[in-house]
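Biologist: Hey, could you walk me through this one? I'd like to start with the charged pairs and then look at the inside.

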Amino acid sequence: SHLRYMGRRTFGLFLKGIGLSLQESLEFWRESFSPRFSSLEWRKKYSYNIRHNYGKVGKCADYEPYDCGKIISNALQGPNEFHSCPFKYCDA
């Protein structure tokens, strides 16, 4: 019913890679989740991971977006996870 952790991480790092600032990313995700969660609930459940992607909390590592190879080779998708590279299932 919503994008799960690895999908949010992959897409969040993509947004970072195309130039969204931390504030823009927080606003994007807050708007995306606003119909489903209150502002307080969203901050508690999701904002930490977004700030973590930008190296502002936790390990404080400045993560890079995943490249196609990493996304394609990530075979461990759980139930109801639908993130991946669209070319993963194409015949070459």
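Modeller: Let's begin with Asp 62, which is exposed at a relative accessible area of 55%. Here buried means under 20% relative accessible area, exposed over 50%, and partly exposed in between, with a 1.4 Å probe and protein chains only. Keep in mind that this is a predicted model: local features need pLDDT of at least 70, side-chain atom pairs count only at pLDDT 80 or more, and totals for chains, interfaces and linings use all residues. Residues are numbered from 1 along each chain as its sequence is written, and side-chain values use heavy atoms, with hydrogens and water left out.

Biologist: OK, what does the side chain of Asp 62 meet in a salt bridge?

Modeller: Lys 16, at 2.5 Å from N to O. The rule is a side-chain nitrogen of Lys or Arg within 4 Å of a carboxyl oxygen of Asp or Glu. This pair links distant parts of the chain, with Lys 16 in helix H1 and Asp 62 in the loop between H3 and H4, 46 residues apart. Helices here are DSSP runs (H or I, at least four residues), numbered from the N terminus.

Biologist: And is Lys 16 buried or exposed?

Modeller: Lys 16 counts as buried, because its relative accessibility is 16%.

Biologist: How many salt bridges are there by this rule?

Modeller: The count comes to two. Glu 41 and Lys 45 make a salt bridge too, at 3.3 Å from N to O. Both sit in helix H3, four residues apart, or about one turn of the helix. Glu 41 is partly exposed at 30%, and Lys 45 is partly exposed at 46%.

Biologist: Switching to the inside: which residues make up the largest nonpolar core?

Modeller: Nine in all: Leu 15, Leu 26, Trp 29, Phe 33, Phe 37, Trp 42, Tyr 46, Ile 50 and Tyr 54. Helices H2 (22-33) and H3 (39-53) are the elements giving two or more residues to this core. A core like that is a set of buried Ala, Val, Leu, Ile, Met, Phe, Trp, Tyr and Cys residues joined through side-chain atoms within 4.5 Å.

Biologist: What does Phe 33 touch?

Modeller: Leaving out residues up to four places away in sequence, Phe 33 touches His 2, Arg 8, Trp 42 and Tyr 46. Contact means heavy atoms within 4.5 Å.

Biologist: Tell me about Arg 8, then.

Modeller: Arg 8 is in helix H1 (residues 5-17) and is buried, with a relative accessible area of 15%.

Biologist: Now the cysteines. How many disulfides does the structure hold?

Modeller: Zero, where a disulfide would be a pair of cysteine sulfur atoms within 2.5 Å. Cys 68 is exposed at 51%, while Cys 60 is partly exposed at 48%.

Biologist: Where does Cys 60 lie?

Modeller: In the loop between H3 and helix H4 (68-73). Cys 60 has a positive phi of about 60 degrees, although it is not a glycine. Most residues other than glycine have a negative phi.

Biologist: Last one: where does Phe 28 lie?

Modeller: Phe 28 lies in helix H2 and is partly exposed, at 33% relative accessibility.
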